[in-house]
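Here is a short briefing on one protein model. Please keep the sequence and the coordinates open while reading.

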Amino acid sequence: MEIKEWRSLAIQSMALFFVVFSCCVCFEGRIQGKTETTVLAEKKTPQPSPDQKTEEETEVQKAENVTKSEVEDRSDTYIRIPKEGIGQVSEVYIQNEYMESKIQVTFRGIAAGSLTKDSVLRIHGFQVSKGKVNAREDSLLNKLVINDQKNESAEKNIIQVEMVTDRLYEPALFEAEDAYYISLVEPKNEYDKIVVVDAGHGGMDEGTSSKDGRHVEKDYTLLVVKQLQGLLEKEDIKVYYTRMEDKEVSKKDRVKLANRLNADVLVSVHCNASSVGDSTAYGMETLYSKKKKTKEELTNKRLAQVMLNKLGEETGLRMRGIICRENLYLLNHAEVPTVIVEIAYMSNKKDLNYIMKESGRQKIAKGIYEGIMQALEEK
Ligand SMILES: [Zn+2]
């Protein structure tokens with residue numbers, strides 16, 4: 001290699017070094033930037049489908065600019081938090097944890113100690129209250145907590161206003177010139193169709209399992225529900241999910257959600273297993289209660305039949321039938337049309353193989369989706 005070539009090689013290497021170095025800096029910067037924002041918006045989801053509001057990915061909604069009368073146009077039920085004295089807030093957002101009827105509003109960069117319970121004005125029609133929550137007098141809140149996280153630098157101060165409402169609301173955060181508003185609307189008044197989808201079991205409650213114990217029900221119910229979510233979010237219906245992560249949710253809370261929403265349909269996804277160790281039992285079932293009457297024209301039995309038909313059409317698998325079960329908590333306590341879908345026998349090898357494949361689960365999800373759509377049509 002001649003000197004000239006050496007020199008050009010050296011220049012090339014240096015250029016390459018600079019490119020690599022600046023890329024690294026860039027990349028690192030991006031990561032750091034992301035970490036900083038995630039401190040506050042930790043639960044930020046890929047925005048913004050309103051139908052994706054799940055427990056796991058509690059939607060973070062930023063304030064929308066409005067006037068007070070626009071807030072009142074949406075609903076005569078709202079919370080007002082005045083801006084006076086809170087300083088230049090750098091970020092405000094709201095999270096809705098509907099399983100607990102809990103709404104949390106986070107203020108970042110707020111003056112420490114500037115929000116108290118007295119700052120949270122509750123307006124419910126003609127009733128107005130503020131300060132400490134008195135469940136008897138307060139017609140809106142069951143609980144109010146002000147979480148003040150002081151920081152050395154003022155712009156990192158955070159105050160969280162946590163409110164548990166007396167019923168389930170769809171909140172929306174607004175910003176007007178003089179105050180922040182959290183407008184509260186009951187889901188039935190906001191949405192035409194409401195569906196509750198329940199992934200059976202979760203957390204410590206694993207449900208049933210495959211014969212070797214390597215596969216547990218709670219994982220497959222959630223996988224199917226996630227695929228079902230992908231299909232339902234394209235529709236103009238509001239869907240609430242009892243869980244979207246591996247966590248324990250009581251049966252009571254699952255039913256409560258559907259009842260509080262007065263949902264049009266509650267679908268609970270489960271897997272079966274032979275209780276006597278019979279590995280030859282296989283196929284799908286839908287369970288319903290006859291005793292528990294819904295106020296709807298759509299009976300539980302009809303819903304179970306519709307669901308089974310659609311599952312059969314989509315999967316081509318063996319449908320064992322619709323089964324009346326009067327001893328199951330969910331079916332016994334739901335006030336709305338409810339069905340339990342038993343998607344497979346985990347004790348059967350063929351059934352297990354089917355739900356282990358994504359393509360199999362997709363067909364099941366499609367069947368449930370078609371079942372929901374038809375049930376809504378028949379209502
Ligand atoms: Zn189960």
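**Helix packing, zinc site and backbone**

In α6, Arg302, Leu303, Val306, Met307, Lys310, Leu311, Glu314 and Thr315 meet Lys363, Ile364, Lys366, Gly367, Ile368, Glu370, Gly371, Ile372, Gln374, Ala375 and Glu378 of α9. Contact means heavy atoms within 4.5 Å. Helices (H or I, at least four residues) and strands (E, at least two) are DSSP runs, numbered from the N terminus.

This is a predicted model: local features need pLDDT of at least 70, side-chain atom pairs count only at pLDDT 80 or more, and totals for chains, interfaces and linings use all residues. Residues are numbered from 1 along each chain as its sequence is written, and side-chain values use heavy atoms, with hydrogens and water left out.

**α6 against α9**

- Helix α6 (residues 300–315) packs on helix α9 (residues 358–378) at an angle of about 140°, and their axes are 8 Å apart.
- Axes are lines fitted to C-alpha atoms, for helices over the stretch in contact, and angles run from 0 to 180 degrees between N-to-C directions.
- The angle makes α6 oblique to α9. Angles under 35 degrees count as roughly parallel, over 145 as roughly antiparallel, 65 to 115 as roughly perpendicular and the rest as oblique.

**Zinc site**

- His201 (NE2), Glu217 (OE) and His270 (ND1) are the protein donors of the zinc ion, at 2.0 to 2.1 Å from it.
- Donors are N, O and S atoms within 2.8 Å of the metal (3.2 Å for Na, K and Ca); water is not among the atoms, so sites may look incomplete.
- Along the chain, the zinc donors follow the spacing H-x15-E-x52-H.
- Glutamate 217 lies in helix α4 (residues 217–232) and histidine 270 in strand β14, so this pair ties together parts 53 residues apart in sequence.
- Glutamate 217 is buried at 3% relative accessibility. Histidine 270 is buried too, at 15%.
- Buried means under 20% relative accessible area, exposed over 50%, partly exposed in between (1.4 Å probe, protein chains only).

**Helix α5**

- Arg254, Val255, Leu257, Ala258 and Leu261 are buried in α5.
- Down the axis of α5, its buried residues fall within an arc of 150°, so they line one face of the helix. The arc is that of the directions from the helix axis to the C-beta atoms.
- These buried residues pack against α3 (187–190), β12 (194–199), β13 (238–241), β14 and α7 (329–333).

**Positive phi**

- Asparagine 262 is partly exposed, at 33% relative accessible area.
- Serine 101 also has a positive phi of about 50° and is not a glycine. Serine 101 is buried, at 3%.
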